[in-house]
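Here is a friendly walk through one protein chain, from single residues to the whole fold. Keep the 3D view open and turn to each place as it comes up.

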Amino acid sequence: MGVALASPPMVAVAQVMGGVSASSTFSSQPTSSTAATTVVRTVQGRVVNALDGAAVARVLVTLNSRAVLTDAQGRFAFPEFSDAQAFVTLTRPGFSQSNRSSAMMGRGSPQRVANLDAPLELKIYPDAIITGTVTGRDGLPLTHVQVQLRRLTLQGQGTQMMMTGAAQTNLRGEYRFRQPPGRYQLIVGYVQRDFDTGQAVLPETFPQSTGSDTPAFITVGSGEEKHIDLRPRTGPCFPVQVKVDAPEAQRMVQFTAATSTGEVFNVGFAGQSSPGTSLLSLPAGNYLLRGRLTGKDLALSGTTKVSVTGPTNDPVVLHLEPVTSLPVELAIDSASAGASSFAAPTSTSTGAVSALTTQSTAPPDLRQFNLRLVSLTSQNGNGQDEQIQAQQREDKTYEFRVAAGRYRLEANGGGRWYVESATYGVANLMSSDITIASGGSSAAIRLVVNNIKGTVQATVAMPANGEGTFVYMIPRGPSLNPINPMQIYDNGSGTGTGSLTLPVGSYTAVATDHAVDEDLRDPDVMAKFSTNTKQVDIAASATVTVALQIAAEKETAP
């Protein structure tokens with residue numbers, strides 16, 4: 001494994017990503033005031049390519065607060081080094097500090113130097129390379145076209161494709177990416193009028209989705225190069241008149257179009273040919289056209305099918321209707337700490353939360369949970385799953401404004417509060433999606449929150465290479481709480497210890513040698529860790545301990 005960020009002389013050896021509290025520190029390093037125990041030495045070594053063992057020059061090696069570049073033979077030295085403990089960082093363009101980098105951790109995790117007296121041989125991993133050519137269906141190169149690279153990453157409650165890079169094709173239609181090893185997806189963006197051909201370039205995603213909720217991806221390892229040619233559909237654009245059937249059509253309506261293969265893009269707006277009639281520009285093809293009109297006082301949405309074969313004066317009629325309003329109600333579990341200082345929340349059709357009496361603890365606010373409904377049936381103009389945030393009304397209550405479709409409720413944050421239950425009528429939103437029909441009822445989403453938590457203290461046998469480890473606590477039942485890893489480092493005895501404060505409940509604990517970019521709630525993913533997991537039951541205001549072994553390499557390899 002590789003290396004990453006150095007730690008300061010006094011460091012926390014347990015770090016939690018995403019805001020969940022953790023604690024564990026090792027003692028500070030000796031200073032000049034403890035001269036009797038201070039050892040002054042020269043720390044030296046070399047940096048090599050992890051794949052072939054060749055020396056790597058001009059690598060910035062940082063040892064605690066000191067830094068130096070490697071020479072032509074990959075060698076470095078730190079004379080008169082007196083720190084008792086040291087963490088090392090390697091930085092060089094085109095290389096990663098680990099072959100197990102993640103979107104969350106960047107190019108690696110910190111490496112502790114176990115023996116400062118022996119010469120060090122530090123490994124650095126060459127990036128993965130993705131290249132290709134973008135051509136039209138006629139085989140001619142498409143120049144100055146943007147290609148996006150998205151990476152599969154674990155984001156709280158599931159995996160998402162996050163943009164990690166963008167490149168513009170050259171005069172031969174070529175593109176090139178150098179990135180840490182990982183799972184990726186390529187997207188050619190929509191171009192209404194190509195600079196050279198004067199034609200539109202329709203969006204294309206590689207690999208194409210299989211229709212499941214999990215995005216398709218390619219896997220590229222350290223030092224591996226993959227060549228992927230992309231051939232998006234091209235063609236001339238034609239004017240399309242859209243007559244919006246709504247009194248508010250005088251306002252600006254936003255349009256997106258979905259192709260027959262599911263690609264979604266923003267549609268160019270060329271003005272209004274007459275009051276209430278928008279003039280758009282679309283290439284030949286069949287589309288599902290969506291129009292949206294939003295404001296503080298309204299939210300309208302509608303769809304219609306459009307077939308574009310050439311110029312036409314016949315307008316397409318798009319009917320906009322009010323989207324469904326889903327009020328959000330908040331209730332506080334009576335067992336919560338300080339619950340007696342809150343007035344009992346009311347359940348009203350407006351989603352109002354009752355007035356609060358004088359509190360001994362801060363009451364929860366819906367904003368701190370970052371509530372959102374993720375569409376499972378529609379995407380935004382950037383080709384990503386649409387996320388709808390809860391909006392505040394004039395009366396300070398909250399609601400979701402959603403068009404017909406299927407959605408998944410997500411949340412994160414919450415501070416010391418967490419979502420204990422979430423329901424929509426009889427549906428349990430902790431484990432089920434929510435389906436909204438056109439013109440459907442506006443029943444409220446009801447949340448019950450709690451602040452009673454417990455603590456887990458994890459001890460992990462650390463790897464011999466000095467790198468840290470990641471401990472994941474995965475809820476065994478339905479949960480809206482994000483999965484946040486705790487990063488633990490060696491405390492000098494071959495083990496590392498850290499603690500997490502979590503909602504009361506049952507969890508599966510697993511330790512890995514890298515940050516995982518897969519959905520750990522997926523049973524097929526967790527099956528890879530079956531021999532290295534432990535069940536942990538966290539009780540209110542109690543601390544439970546668990547000893548873990550790092551999952552075997554063959555189980556966690558991408």
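Helices (H or I, at least four residues) and strands (E, at least two) are DSSP runs, numbered from the N terminus. E410 is buried, with a relative accessible area of 3%. Buried means under 20% relative accessible area, exposed over 50%, and partly exposed in between, with a 1.4 Å probe and protein chains only. The side chain of E410 is joined to that of R408 by a polar contact of 2.9 Å. A polar contact is a pair of N or O atoms within 3.5 Å; within protein, one must be able to donate a hydrogen and the other to accept it, and residues adjacent in sequence count only if both atoms are side-chain atoms.

A word on the model before going further. It is a predicted one, in which local features need pLDDT of at least 70 and side-chain atom pairs count only at pLDDT 80 or more, while totals for chains, interfaces and linings use all residues. Residues are numbered from 1 along each chain as its sequence is written, and side-chain values use heavy atoms, with hydrogens and water left out.

**The chain as a whole**

The chain has two helices and 46 strands. Of its 558 residues, 50% are buried. Contact means heavy atoms within 4.5 Å. Among contacts in the chain with a separation of 6 or more, 70% are between residues 24 or more positions apart.

**Residues that meet across the sequence**

| Pair | Separation along the chain | C-alpha to C-alpha |
|---|---|---|
| D513 and V471 | 42 residues | 9.0 Å |
| P215 and L152 | 63 residues | 8.1 Å |
| P475 and G505 | 30 residues | 7.5 Å |

D513 sits in the loop between β44 (505-512) and α1 (523-526), and at 11% relative accessibility it counts as buried. P475 belongs to strand β41, residues 469-475, and is buried too, with a relative accessible area of 17%. Not counting residues up to four places away in sequence, P475 touches I483, S506, Y507 and R521. P215 lies in the loop between β17 and β18. Leaving aside neighbours within four places in sequence, P215 is in contact with L152, M161 and Q185.

**Backbone features**

The loop between β17 (204-206) and β18 (218-220) also holds P207. The peptide bond from F206 to P207 is cis, with omega near -5 degrees.

N64 is not a glycine, yet has a positive phi of about 55 degrees. N64 is found in the loop between β4 (60-63) and β5 (66-69), where it is buried, with a relative accessible area of 7%. N370, also a residue other than glycine, has a positive phi near 50 degrees. The loop between β30 (324-332) and β31 (372-379) is the place of N370, which is partly exposed at a relative accessible area of 30%.

**Aromatic pairs**

How many aromatic pairs does the structure hold? There are four. Rings of Phe, Tyr and Trp (its six-membered ring) pair if their centres lie within 6.5 Å; planes under 30 degrees apart count as stacked, over 60 as edge-to-face and the rest as tilted. F76 and F78 form an edge-to-face pair, 6.0 Å centre to centre with 65 degrees between the planes. Both F76 and F78 are buried. The ring centres of Y175 and F177 are 5.9 Å apart and their planes stand at 55 degrees, so this pair is tilted. Y175 and F177 are buried as well. Elsewhere, ring pairs link Y190, F265 and Y287 into a cluster.

**Enclosed space**

A search of the whole structure finds three cavities of 30 Å³ or more. On a 1 Å grid over the protein atoms alone, a cavity is a set of points where a 1.4 Å probe fits but cannot get out, and lining residues have an atom within 4 Å of a point. Grid points are joined across faces, edges and corners, and a volume is the space filled by probe spheres set on the points.

The second largest cavity contains about 40 Å³ of space. Its lining is made up of F369, A411, N412, G413, Y418, V419, L480, N481 and P482. Six of these residues are nonpolar, three are polar and none is charged. Here Ala, Val, Leu, Ile, Met, Phe, Trp, Tyr, Cys and Pro count as nonpolar, Asp, Glu, Lys and Arg as charged, and the others, Gly among them, as polar.

Conventions:
On a 1 Å grid over the protein atoms alone, a cavity is a set of points where a 1.4 Å probe fits but cannot get out, and a pocket is an open set with protein on both sides within 12 Å along at least five of seven lines; lining residues have an atom within 4 Å of a point.
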